[in-house]
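Keep the model open and check each step by eye.

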Amino acid sequence: MTGLYDSFQRPINYLRISVTDRCNLRCIYCMPEGGISQLPHNQILTYEEIYAIAQVAVGLGITKIRITGGEPLVRLGLAKLIQMLAQIDGIDDISLTTNGILLSRYAGELKQAGLNRVNVSLDTLDAARFKRITRRNYEINQVLEGIDAAKSAGLNPVKINMVVIGGINDDEVESFAAKTVNEGWHVRFIEFMPTPGLNNPASYFVAAADIKERLEPLGSLEPCRPQVGNGPARYFRLPQAKGTVGFITPLSHHFCFHCNRLRLTADGGLRPCLLSDYEVDLRRPLRRGIAPAEIKKLIETAVKNKPLRHHLAEGGAPKGRSMTQVGG
Ligand code: SAM
Ligand code: SF4
């Protein structure tokens, strides 16, 4: 068997790289309003260090890379990193997850550097509510302009990620789904997950089944066949829709048995599972000057220790880093 496999014979071919723990927003379900204590600059991996790790990971079997954060577009010169990664032989997809605030400024440059596509997180279509959810003084129009700029630059498909939060924005799922018909949006509804350090009420959680029920008046949701992508989302189409409706259900139907991911934190922790605190430090060994063969062994150790599944539904949330530190 070639490629990278964990102890449960799951193929591991997808690396999510968090390039910063900083963010220009403070989404209520992700970050405390006052922010988190930030990593000192000298603990954040340089682009050269990220490149060195990615090169070894690709040699082992990683073929897809997603750049995330914090907010990845607040890190200066991100296009340079994309350009470096795009030169690694064996990568067939480089994507980005962003809150979209700075996207209209960078979309063209990122595309030119080799970025293939982008996911934009947007939890409401209402300007005032946008400010209440993100708790910073940015305008929703900046995100909408970012989405348009990404489409014009050819960063397709642009997917819109909406975290459905009970009592906050769950009354908008119909409007988001309607955008898949009227404007060809690709919308993914994400179930809220409890975040370490935030005392979000349990009422924030809305199960995908309840979202689907709310969408019934819009027509029947036909499963997309074959299912698009190899990620955790399950995709459907409303009648006459050019776009798709996806559901990401970490709690109601965890997708661990098909998980193909590793995550690299901004300070060089390699995490085989978003929802477990276990990680292997790559930064210190790298800075001690270890050879690529040793990095390879460390990556293999992380993969070998990938847990079979998370235990969120049984109350087993990670205690350590927040979502913005691991990259979601
Ligand atoms: N700042 C970028 C953004 O918002 O797209 C990238 C990082 S963010 C941590 C990545 C994704 O995680 C976003 O789509 C965000 O909505 C999602 N996320 C953050 N906290 C979450 C939570 N508690 N439950 C579900 N999704 C969450
Ligand atoms: Fe920032 Fe993204 Fe977290 Fe919102 S979800 S606070 S944009 S990292």
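A contact means heavy atoms within 4.5 Å. By that criterion Lys 242 touches Thr 180, Gly 184, His 186 and Arg 237, leaving aside residues up to four places away in sequence. The C-alpha atoms of Lys 242 and Gly 184 are 4.7 Å apart, although 58 residues separate them along the chain. Lys 242 sits in the loop between β8 (234-237) and β9 (245-248). Its relative accessible area is 66%, so Lys 242 is exposed. Here buried means under 20% relative accessible area, exposed over 50%, and partly exposed in between (1.4 Å probe, protein chains only).

This is a predicted model: local features need pLDDT of at least 70, side-chain atom pairs count only at pLDDT 80 or more, and totals for chains, interfaces and linings use all residues. Residues are numbered from 1 along each chain as its sequence is written, chains are lettered from A and ligands numbered from 1 in the order in which they are written, and side-chain values use heavy atoms, without hydrogens and water.

Now the whole chain. The protein has ten helices and twelve strands; helices (H or I, at least four residues) and strands (E, at least two) are DSSP runs numbered from the N terminus. Its radius of gyration is 19 Å, close to the 20 Å from the globule rule for 328 residues, so the protein is as compact as a globular protein of that length. That radius is taken over C-alpha atoms, and the rule is 2.2 Å times the number of residues to the power 0.38. Buried residues make up 55% of the 328. Among contacts with a separation of 6 or more, 73% join residues 24 or more positions apart.

Next, take helix α1. It covers residues 47-60. The buried residues of α1 include Ile 50, Ile 53, Ala 54 and Ala 57. An α-helix has 3.6 residues a turn, so residues three or four places apart point the same way. The buried residues of α1 pack against β1 (14-18), β2 (64-68), α2 (78-86), β10 (261-264), α8 (283-287) and α9 (292-304). Just after α1, Gly 61 takes a positive phi of about 140°.

Finally, look at the backbone elsewhere. Gln 240 is not a glycine, yet has a positive phi of about 70°. Gln 240 lies in the loop between β8 and β9, and counts as exposed at 74% relative accessibility. A cis peptide bond joins Asn 156 and Pro 157, with omega about -5°. Pro 157 is in the loop between α5 (140-153) and β5 (159-164).

Note on methods:
The expected span of a helix is 1.5 Å times one less than its number of residues.
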